[in-house]
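Please keep the sequence and the 3D view open while reading.

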Amino acid sequence: MRGNMTKCFCVLTVIAVGAGTCLTGCSQGENSKKTEIEIVQYKPEATAYFDALEEEFNATHDDIHLTIESPNDASTVLRTRFIREDYPDIIGIGGDINYSYYIDAQILADVSDYPGLADIKQSYLDIGEALEIVPTDGVYGVPYVANAAGILYNKDMFDEHGWEIPETWDELLSLCDAIKAEGITPFYFGFRDTWTCLAPWNAIAVDLAPADLCKQVNRGEATFSDGYKEVAQKYLQLMDYGPDDPFAYGYNDACTAFANGESAMYPIGSYAIPQILTVNPDMDIDSFVMPAGDTKDENTLNSGIDLQFCVMEACENKEAAYEVLDFLYEDENIQKYINDQRAIPCKEGDFQLSPMLSGMMDYIDSGNMTDYQDHYYPSEMAVDAQLQTFLINKDTDAFLKKFDTDWQRYNRDIIRKVQEYESDSSNQ
């Protein structure tokens, strides 16, 4: 369903996407027979990896010249370029609300004819499809790597004390009590940086709330006051097992404290492992899923698309773009990224994952994973800041009421679009 151009919500409302406009991208250089392909990707921490990839590609391809840009604030850079209709050929972005907006703005090309999609795990293709504001024909992103959020733990400390990995919420709280009894802090947080408040929230929510809760709310079939009540209550319980003032410390402080053995566990994503290892390279870290349910069967791995590549609609040479994607998705190159970033591949294959993810491997192998709830949250709603306020005030009802109210305020255009789609579908 690729009708007339719709406005892109929130971060993209100022973008003018003109049909038939002559755009940069996949162009032939005046003094070169090479096709120019430009990628802008949003993972600055992986700049060295992409610089090496660019160099290798250009050394082995005579007909295409590849440029990979890794700016510190790629989202802002991309918005500015989109406004100017100065589109790169390929963008590397996460599977979050911005991806949803880009699909809605119709600035991404349908890549359903890309042969490499056949090698991507269906679970991640499903996660990408679920991010569409309304069902949209086609495929608009090729998942590259994922991350996972749950609980990192100090394996040496667990082995020393004989602590077992919990599989239910009650077992987790019992473990925390046992750790406290040894005079050790069970969890370090880092809530001075508001975004860190989202990590435990997401990991608890995937066990207790419907995966499509946000879409249910948009359809008028549910409320967050009902869907998130148990999530909020259990989040407050975790606070009893952290430092006295969890808001005095930021992300780097929490990583450092955990690396130095000041807590037994850290409820954060796998993306924190490289930062922790910069402090203590010899630390033996492992991980397990957040066991927020009453039974083990309720547990699911909180995993989402950390990086995917999208060909822009403006790209004039899709064949060359696909050749670049083929190179990016070679097993050897994906393995290099996994080694560099402790990531999880979205491609099927015999990849060697970090042993620090071994406690999550059963979920990864079986595809028992659920996307981050906050990948559906509009940035204007500032849910991370709302969570921080909630954790300070500990007023569950006020927090959930505001969540419902703000959702209606900041998502009214999306809600209108969803309801129009539902109305049209029911009349067909």
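## Helices, sheet and spaces

In helix 10 (residues 229-239), the buried residues are Val231, Ala232, Lys234, Tyr235, Leu236, Leu238 and Met239. Buried means under 20% relative accessible area, exposed over 50%, and partly exposed in between, with a 1.4 Å probe and protein chains only. Helices (H or I, at least four residues) and strands (E, at least two) are DSSP runs, numbered from the N terminus. The buried residues of helix 10 pack against helix 6 (169-181), strand 6, helix 7, helix 9 (224-227), helix 16 and helix 17 (396-410). Contact here means heavy atoms within 4.5 Å.

The model is predicted: local features need pLDDT of at least 70 and side-chain atom pairs count only at pLDDT 80 or more, while totals for chains, interfaces and linings use all residues. Residues are numbered from 1 along each chain as its sequence is written, and side-chain values use heavy atoms, with hydrogens and water left out.

Four strands form an open sheet in the order 6-7-5-8, with mixed pairing. Strand 6 (185-187) and strand 8 (285-288) are at the edges with a single partner strand each, so one side of each has no neighbour in the sheet. From one strand to the next, the twist averages 25°. Two strands pair if DSSP finds at least two bridges between them. The table gives the pairs of this sheet.

| Strands | Bridges | Direction | Residues standing opposite |
|---|---|---|---|
| Strand 5 (residues 151-154) and strand 8 | Four bridges | antiparallel | Tyr153 and Asp286 |
| Strand 5 and strand 7 | Two bridges | antiparallel | Tyr153 and Met265 |
| Strand 6 and strand 7 | Two bridges | parallel | Thr185 and Ser263 |

Helix 11 (residues 251-259) lies across strand 5, strand 7 (263-266) and strand 8, and runs at about 130° to strand 7. For such angles, axes are lines fitted to C-alpha atoms, for helices over the stretch in contact, and angles run from 0 to 180 degrees between N-to-C directions. Tyr251, Ala254, Cys255, Ala257, Phe258 and Ala259 of helix 11 are buried. These buried residues pack against strand 5, strand 7, helix 12 and strand 8.

**Strand 3 and its partners**

Strand 3 (residues 90-93) is covered on both faces, with Ile90 and Gly92 buried on one side and Ile91 and Ile93 buried on the other. Strand 1 (residues 35-41) runs parallel to strand 3 and is joined to it by three bridges; Gln41 has Gly92 as its bridge partner. Strand 9 (residues 301-311) pairs with strand 3 in the antiparallel sense over four bridges, and Ile91 stands opposite Cys310 there.

Leaving out residues up to four places away in sequence, Ser270 touches Asn147, Ala148, Arg342 and Leu357.

Asp62 sits in the loop between helix 1 (47-60) and strand 2 (64-69). With a relative accessible area of 70%, Asp62 is exposed. Asp62 and Leu173 are 111 residues apart in sequence and 60 Å apart in space, C-alpha to C-alpha.

**Pocket and cavity**

On a 1 Å grid over the protein atoms alone, a cavity is a set of points where a 1.4 Å probe fits but cannot get out, and a pocket is an open set with protein on both sides within 12 Å along at least five of seven lines; lining residues have an atom within 4 Å of a point. Grid points are joined across faces, edges and corners, and a volume is the space filled by probe spheres set on the points.

The largest pocket holds about 1200 Å³ of space. Its lining has 42 residues, of which Tyr42, Asp96, Trp195, Asp374 and His375 lie nearest the centre. Helix 3 gives the largest share of this lining, four residues.

One cavity of 30 Å³ or more is found in the whole structure. The largest cavity has a volume of about 30 Å³, and its lining consists of Phe189, Gly190, Phe191, Thr196, Pro200, Tyr266, Pro267 and Ile268.
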